[in-house]
Amino acid sequence: METKNIISLILVIALVVGAIAYLEHAKPKHAASSANAAFVTHDPSVQTKDYAQKSLEYHLAKELVHPDGYLNTPASTTIQSFIGKKVILVDFWTYSCINCQRTLPYLTSWYGKYKDAGLVIIGVHTPEFDFEKNKDNVAMALKKYGIDYPVVLDNEYATWDAYGNQYWPEHYLIDINGLVVDRHIGEGGYDDTEKLIQQLLAERKQVLGETGEVPTGLVAPGEAIAAGSPETYFGWSRNEFLGNGKQNTAGEQTLTRPALVAPNTLFLTGTWNFAKESATTVSADAGVIYSYDAKHVYLVASSEKGAVVTVMRDGVPIGASERGEDVDAQGQVHIQEPRLYKLINEKEEGAHTIELRVQTPGLEAFTFTFG
């Protein structure tokens, strides 16, 4: 009986670990509702021969709902305007999300490769943090990541809710009929998605009677990502990993360095002011300590007046071979505009401790993410 209980416990732990690993590659947020959202309509004169059968298996796409802004595209852009003309990939993302950032090389590569063959990508930018609602901030992200396909701002989650979306990133593939034939949550599955894009484009070409070949082969711009540490939030509404302060508590707290740094636990030093989405340094001697298991470490942060942060790794200034691209030769990162900062870039995944020493008040930290 005791052996059976042990086996059952091992199975439960394995399921929990697997679920955590899955969600780290697709961030679930915001319980969505698809009520009162308009469906697109298909054009009977431009449809595949098997439309009647496919319509029993797949539903028509939903329209964009009251976008809050448009980038790389006119304000008249709708999904309906592409039905019967294009294969459409609708991608829900937000620019500070590392899971989303890791999908962007694939999206931009697909758009460059297939746009002349009839693919259009519509990025639906639905913000996780309030600073991501700013159109100028999103425009800077598009420039940084080389995004030239249409992007609409979904600040009030209207299109997100219309699609019943729950994750960043999540995409929907819409065929020439206007049917949603694929929904993919999170990172990965790139080869399968690209093969389906090619299939849908070939189908489109046949329906429209176009000549020319659909590009073949598969793009491979990224690397496989794994991490043993969870995304860790600073704001009081989601700071369940805070190890030396009062969790889920708004306002100022003065925290001291712990005697023992437990893994995957957020420890802060100095005085911090906890808001819903973030925590901001109040004292000049504030710091962050975190023992992680990963290859890459990222920090989503901002500072209105600018903040200089020294990055330590395992108790010593970070070396040249481990520095992330936002850390300079002096081992410091200059934080100002609200975005994701790349702090550590290890050669291999492993267990280490990062310490951030903040030289001035006013650093606003939102989340640690890992890869």
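Start at I79, which touches V40, K62, E63, L64, I88, V90, I122, Y163 and I174, leaving out residues up to four places away in sequence. Contact here means heavy atoms within 4.5 Å.

Before going on, the ground rules. This is a predicted model, in which local features need pLDDT of at least 70 and side-chain atom pairs count only at pLDDT 80 or more, while totals for chains, interfaces and linings use all residues. Residues are numbered from 1 along each chain as its sequence is written, and side-chain values use heavy atoms, with hydrogens and water left out.

Back to I79. The largest nonpolar core has 66 residues, and I79, I88, V90, W110, Y163 and I174 touch the most other members. Helix α3 gives the largest share of this core, eight residues. A nonpolar core is a set of buried Ala, Val, Leu, Ile, Met, Phe, Trp, Tyr and Cys residues joined through side-chain atoms within 4.5 Å. Buried means under 20% relative accessible area, exposed over 50%, and partly exposed in between, with a 1.4 Å probe and protein chains only.

Six strands form an open sheet in the order β2-β5-β4-β3-β7-β8, with mixed pairing. Its edge strands are β2 (69-71) and β8, each pairing on one side only. On average, neighbouring strands here are turned by 20° against each other, direction ignored. Strands (E, at least two residues) and helices (H or I, at least four) are DSSP runs, numbered from the N terminus. Two strands pair if DSSP finds at least two bridges between them.

Look at the middle. β3 and β7 run antiparallel, joined by five bridges. V90 stands opposite Y172 in β7. α3 packs on the sheet, touches β3 and β4, and its direction makes about 155° with that of β4. For these angles, axes are lines fitted to C-alpha atoms, for helices over the stretch in contact, and angles run from 0 to 180 degrees between N-to-C directions.

Stay on β7 for H171, which sits in that strand. Is H171 buried or exposed? H171 counts as buried, at 8% relative accessibility. Beyond its neighbours within four places in sequence, H171 contacts L89, V90, D91, D182, R183, H184 and T193.

Buried residues in α6 include Y190, T193, L196, I197, L200, L201 and R204. What do the buried residues of α6 pack against? They pack against α2 (51-57), β3 (87-93), α3 (98-114), β4 (119-125), β7 (170-174) and β8 (180-185). Just after α6, G209 takes a positive phi of about 70°.

Next, the cysteines. A search of the whole structure finds zero disulfides, a disulfide being a pair of cysteine sulfur atoms within 2.5 Å. The sulfur of C100 is 3.2 Å from the closest cysteine sulfur, in C97, too far for a bond. C97 counts as buried because its relative accessibility is 1%. C100 counts as buried too, at 0%.

Most residues other than glycine have a negative phi, and most peptide bonds are trans. The peptide bond from W168 to P169 is cis, with omega near -15°. P169 is in the loop between β6 (167-168) and β7. Y157 is not a glycine, yet has a positive phi of about 65°. Y157 lies in the loop between β5 (151-153) and α5 (158-162), and is buried at 13% relative accessible area. N264 also has a positive phi, near 55°. N264 sits in the loop between β10 (251-255) and β11 (267-274), and is partly exposed at 23%.

Last stop, V311 in strand β14 (residues 307-313). V311 is buried, at 0% relative accessible area. Its contacts, leaving aside neighbours within four places in sequence, are P317, I318, V327, G331, V333, I354, E355 and L356.
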